[in-house]
There are 2 protein chains.
Amino acid sequence: MEEGQINNLSLKDDEEDIVDPWNVASKSETGIDYEKLIKRFGSQKIDEALIERFEKVTGRKAHHLLRRGIFFSHRDLHTILNHYESGKKFYLYTGRGPSSESMHIGHIIPFMFTKWLQDVFKVPLVIQLTDDEKALWRDIKVEDARKMAFNNAKDIIAAGFDPANTFIFNDLDFIGKCPAFYQNMVRIQKCVTFNQAKGIFGFGESDVIGKISFPSIEAAPAFSTSFPFIFGDNVLPCLVPCAIDQDPYFRMTRDVAARLKLPKPALLHASFLPALQGAQHKMSSSDPNASIFLNDTPKQIKNKINKYAFSGGQPTIEEHRQKGGNTQVDISYQYLKFFLEDDERLAEVKKMYESGELLTGELKRIAIDTITPVIQQYQTRRAQVTDDVLRQFFELRKLEF
Amino acid sequence: MEEGQINNLSLKDDEEDIVDPWNVASKSETGIDYEKLIKRFGSQKIDEALIERFEKVTGRKAHHLLRRGIFFSHRDLHTILNHYESGKKFYLYTGRGPSSESMHIGHIIPFMFTKWLQDVFKVPLVIQLTDDEKALWRDIKVEDARKMAFNNAKDIIAAGFDPANTFIFNDLDFIGKCPAFYQNMVRIQKCVTFNQAKGIFGFGESDVIGKISFPSIEAAPAFSTSFPFIFGDNVLPCLVPCAIDQDPYFRMTRDVAARLKLPKPALLHASFLPALQGAQHKMSSSDPNASIFLNDTPKQIKNKINKYAFSGGQPTIEEHRQKGGNTQVDISYQYLKFFLEDDERLAEVKKMYESGELLTGELKRIAIDTITPVIQQYQTRRAQVTDDVLRQFFELRKLEF
């Protein structure tokens, strides 16, 4: 789950948004056109009917990230809901390509949402850290990639996970500890040709051989048989909450599942948290000024939003009062959609900003006051994640379910 | 270490011998032109001077397979001998692509020679069974490939190995038990592009992605750091006795070693034991009439040699007495080169056959009388290889050295 470099892509006007596991970019200041992406990828939109169905089956109000279309697309969520409704078990699988930099608020969103899903469904969760991918794609040594994975795992745990039902693993260690996982890798590798991998991922002849077989490694956790210590002989389907750029891996995995006579993974696709500078790019650790990090101080958060958050406001107060602000491109407002849980308050802010009643500085203040306590609470949890806690999550063991 | 199907290649007159990890064939009735192969592969001939050097350093008469040019080519054997002479340690690495059929006498030759090398140098040995390769290349399920590996391991152990200094592993289980091994796989995969793998192994775009990254798996055991439970932190060079068709893997491994700043594996290349029908093909398990199996009875051995062993004799006794037989193409004589240890007796047989004094039937009798007791002794050892013995060899542990 490799993240692209910001600003390494310049799109021409006639080009579509770029969304693949290594690059995400749009030429539009409203960001990626997610409706178009659903058509291109052949996934399904999460519509009102599905959200209602979700609420009926789970007996819970849908998460604001679902209600607001931030998780906007899916594959086979209906199947998982039917499965759950009939009293059967499934599990959650998500992951991350670790990085040396601190994780930013965009990284933690899918994990917070996954934690919520886990609480709603009471299901086990496996989290893959693809340190092998980082070693293969970047100029990073195997031993350094492993360290990054362990550091990032602490950041992820602080989203609130419980070792009783959550297993976290880094490939560079785990693959050497679980023969069933490697055996599934081989089964998967046998189903996919170079040509197919080229078609799905855009691999070329000058790519190293490790990249070419890597997709089998992100696919394997989608099969419960890869984790016999958790699931025993049970063959369970899984639901994968992930950013939309990871979908190519799971399109492949779903094809392979059919050939291996295993359940296809279901998917929930998230859109990207935009960079401070605007929605043309997603937030990226490699540009500190584009990102709010999970270890930023309240002062840093305040300064970054005030200084860098792209504004949808008008050039002068007079013009702003008259025409109002544009919430479609305003980054502070976009962040509120991710972090302000209160629907009424969000609607009120939107109305006030678009009417010109609320000035850009005031909107930024609201964003700062919303995001800062979320990060502070996160930091409190993060301080409690010791090496001992980390070890509990990485231990091969049964999970509650 | 996949073995090609016999007769699946028909070479045109203007084509060279085919020797790659999956296919071996020659259009000549004297078989592969090994002198040409040395030039094509860029390896070194094992000459008289090297054999003398070997005998001086080890204080042992060279094995008849070395003296007779059956192990005919090498890479860096001088380096290993210098290393050994200065009192430093190395290890041996060899392997096999397991098959469902019984192993034949051609398969056991390199293991018998390896056992001899191990006795001479008093070094540890690792033996890789590439059951993952079989699952990837053939229509064989992962679980069946594993079983083949365990069965073949018993056949290999019966060559006389000692669990005190020999570790045997099958990839489909071992890779899931040794993180250091997988980490080395990733390091190797990072050094080889698809283009390079294509150039070395002839991979195409329709090959499955598991094949394309497989070479890293045959390369990894050539680095002592892949086995920390055996070698601890010691970085030792290795010597790989193998059939010449495996050389492409180790040409690649040697290039990678230089980039990883690890010792390049040294190599000893064997020629092939010819099929009963003639030296155009190597002996192959897939054709029972072309092979003498390790579980054949004395009667089967006798019948096969009498019925199928290609003769270098003349059409009539009169013509044979007059012109003599051709030992270059006579398969019974070729087998004697592999199995009759007594140099004087072999020279005598050669002289008598070439002079016409010895008839084909008589030569076959000598071959039968030479091979049968070798196989009977082998079978006695094989009967003692229980599941318990097998487990000892597969256990991850320190080895004596």
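Chain B and chain A meet through 39 residues from chain B and 39 residues from chain A, where contact means heavy atoms within 4.5 Å. This is a predicted model, in which local features need pLDDT of at least 70 and side-chain atom pairs count only at pLDDT 80 or more, while totals for chains, interfaces and linings use all residues. Residues are numbered from 1 along each chain as its sequence is written, chains are lettered from A in the order in which they are written, and side-chain values use heavy atoms, leaving out hydrogens and water.

**Where the chains meet**

The area buried between the two chains is about 3300 Å², with carbon and sulfur atoms giving 60% of it. Buried area is the accessible area (1.4 Å probe) that two parts lose on being put together, summed over both. Of the area that chain B buries against chain A, B:Tyr182, B:Glu205 and B:Ile209 supply 23%, more than any other three residues.

Four salt bridges are counted between chain B and chain A; each is a side-chain nitrogen of Lys or Arg within 4 Å of a carboxyl oxygen of Asp or Glu. B:Lys198 and A:Glu205 form a salt bridge through their side chains, at 3.1 Å from N to O. On the side of chain B that touches chain A, α9(B) gives the largest share, six residues. That side divides into 17 nonpolar, nine polar and 13 charged residues. Here Ala, Val, Leu, Ile, Met, Phe, Trp, Tyr, Cys and Pro count as nonpolar, Asp, Glu, Lys and Arg as charged, and the others, Gly among them, as polar.

**The nonpolar cores**

The largest nonpolar core has 108 residues, and among those with the most contacts inside it are A:Phe167 and B:Phe167. Another core, of 72 residues, lies apart from it and includes B:Ile51 and B:Phe394. A nonpolar core is a set of buried Ala, Val, Leu, Ile, Met, Phe, Trp, Tyr and Cys residues joined through side-chain atoms within 4.5 Å.

A:Asp76 counts as partly exposed because its relative accessibility is 29%, whereas B:Lys122 is exposed, at 63%. Buried means under 20% relative accessible area, exposed over 50%, and partly exposed in between (1.4 Å probe, protein chains only).

Methods. Helix = DSSP H or I, 4+ residues; strand = E, 2+ residues; numbered from the N terminus.
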